[in-house]
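This briefing goes through one protein model, topic by topic. Please keep the sequence and the 3D view at hand while reading.

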Amino acid sequence: MNIAVVRFLILLSTFISSFSFSREISLTFDDAPTSDSVLMTGAERTQTLIAALKQAKVPDALIFVKAGSINPQTAERLKQYSDAGFHLASHSFSHQSANQLGVNAYAQDAYSAHLALKPFANVLNFHRFPYLHYGKDLAEINQLQNLLGELGYKDGYVTVDNFDWYISSLITKAAEEKKTINYEKARDFYVNSLYESIEFYDAIAKKSLKRSPRHVLLLHENDAAALFVGDLIQHLRSKGWKIISPQQAYKDPIAKNFPQVAFHKQGRVAAIANSKGVSESELRHPSENEQYIDQAFAKAGVIEN
């Protein structure tokens with residue numbers, strides 16, 4: 001083998017390695033339109049979140065809509081997302097667990113959401129299950145996948161789960177109780193907690209897939225996201241992550257790999273790992289626990305005495 005061939009193989013190996021571990025991630029937000037809080041009205045939250053995403057030059061974000069919450073006021077908020085160039089998708093109508101509703105009732109609920117989203121622009125045909133509950137067992141899970149597919153929907157899976165919703169609830173609760181919040185420490189706690197989850201699930205992916213997929217980050221349209229998502233994006237980029245659109249992320253090969261397991265609660269990467277024999281206990285980050293976050297939140301000194 002001559003030296004030119006050796007050099008070519010080295011370059012090819014480097015290219016393949018950089019492609020396989022590209023550290024790309026997209027942003028998705030559940031539960032829109034979320035109602036007013038003591039910190040901000042729903043309208044203010046939407047405007048703040050849009051401004052943060054635009055300032056950070058995020059190429060696109062996917063807003064998963066809780067369609068039963070649509071009314072004339074909240075419809076305007078959803079329109080603001082699409083006018084800003086972002087996209088909407090289905091997060092069911094009543095935001096109930098598919099595990100509890102059963103196949104027929106959930107399918108009817110999903111169809112109601114489908115009809116409610118028809119008047120809006122920039123709607124993509126992705127459906128995300130509330131609580132990431134795909135059905136009570138594998139038979140029901142596959143039934144619902146087939147029914148949603150007949151309705152034209154693809155699975156709006158995530159690859160990175162976290163408890164961002166609970167972190168936000170702690171901040172909002174403190175504001176309701178008129179406690180003094182150190183917003184710099186709150187920002188750091190939010191960013192660091194989510195970043196740990198991202199690295200955790202990326203490590204699982206590298207073990208199970210032998211590569212880093214195009215990730216889909218689960219976030220919520222809540223106060224913490226509105227306040228700190230720009231800081232999270234900045235931190236991710238400083239660590240070598242590239243923010244991509246959800247459309248790009250959902251073109252990753254794992255989009256066509258629906259694992260035949262009942263365990264989908266921690267997202268697609270965890271489900272794939274579980275299908276390869278990794279136990280459920282190893283596929284959940286420690287911070288996906290309210291007691292853990294309570295203790296870490298107190299230790300971080302977010303609430304000043």
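The model is predicted. Its largest nonpolar core has 85 residues, and a search of the whole structure finds 12 salt bridges.

**Nonpolar core**

- Within the largest nonpolar core, the residues with the most contacts are Leu27, Phe29, Leu53, Tyr190 and Val229.
- Helix 8, which spans residues 183-209, gives the most to this core, with 11 residues.
- Leaving aside residues up to four places away in sequence, Leu27 touches several residues, including Leu53, Val58, Ala61 and Leu62.
- Leu217, Leu219, Val229 and Ile233 are also among the residues that Leu27 touches, as are Ile243, Ile244 and Pro246.
- In soluble globular proteins, nonpolar side chains tend to be buried together.

**Strand pairing**

- Strand 3 (residues 87-90) and strand 4 (residues 123-127) run parallel and are joined by 2 bridges.
- Leu88 stands opposite Val123 of strand 4.
- Strand 4 also pairs with strand 5 (residues 154-155), again in the parallel sense and over 2 bridges.
- The bridge partner of His127 in strand 5 is Asp155.
- Between strand 4 and strand 5 the chain passes through helix 6 (residues 138-150), and this β-α-β crossover is right-handed.

**Salt bridges**

- Arg268 forms a salt bridge with Asp155, and the closest N and O atoms are 2.7 Å apart.
- Because Arg268 lies in helix 11 and Asp155 in strand 5, this pair ties together parts that are 113 residues apart in sequence.
- Arg268 and Asp155 are both buried.
- Arg211 forms a salt bridge with Asp252, with 2.6 Å between the closest N and O atoms.
- This pair links distant parts of the chain, 41 residues apart: Arg211 is in the loop between helix 8 and strand 7 (212-220), while Asp252 is in the loop between helix 10 (246-249) and helix 11.
- Asp252 has a relative accessible area of 5%, so this residue is buried.
- Lys136 forms a salt bridge with Glu140, and the closest N and O atoms are 3.9 Å apart.
- Lys136 counts as exposed because its relative accessible area is 56%, whereas Glu140 is buried, with a relative accessible area of 12%.

**Ser287**

- Ser287 is placed in the loop between helix 11 (268-275) and helix 12 (290-299).
- The relative accessible area of Ser287 is 7%, so this residue is buried.
- The side chains of Ser287 and His285 are joined by a polar contact of 2.8 Å.
- Ser287 also touches Phe163, Ser197, Tyr292 and Ile293, when residues up to four places away in sequence are not counted.

**Gly240**

- Gly240 lies in the loop between helix 9 (223-238) and strand 8 (242-243).
- With a relative accessible area of 47%, Gly240 is partly exposed.
- Gly240 and Ser22 are 218 residues apart along the chain, and their C-alpha atoms are separated by 8.8 Å.

Definitions and conventions
Residues are numbered from 1 along each chain as its sequence is written. This is a predicted model: local features need pLDDT of at least 70, side-chain atom pairs count only at pLDDT 80 or more; totals for chains, interfaces and linings use all residues. Side-chain values use heavy atoms; hydrogens and water are left out. A nonpolar core is a set of buried Ala, Val, Leu, Ile, Met, Phe, Trp, Tyr and Cys residues joined through side-chain atoms within 4.5 Å. Buried means under 20% relative accessible area, exposed over 50%, partly exposed in between (1.4 Å probe, protein chains only). Helices (H or I, at least four residues) and strands (E, at least two) are DSSP runs, numbered from the N terminus. Contact means heavy atoms within 4.5 Å. A polar contact is a pair of N or O atoms within 3.5 Å; within protein, one must be able to donate a hydrogen and the other to accept it, and residues adjacent in sequence count only if both atoms are side-chain atoms. Two strands pair if DSSP finds at least two bridges between them. A crossover is right-handed if, with the strands pointing away from the viewer, the path from the first strand over the helix to the second runs clockwise. A salt bridge is a side-chain nitrogen of Lys or Arg within 4 Å of a carboxyl oxygen of Asp or Glu.
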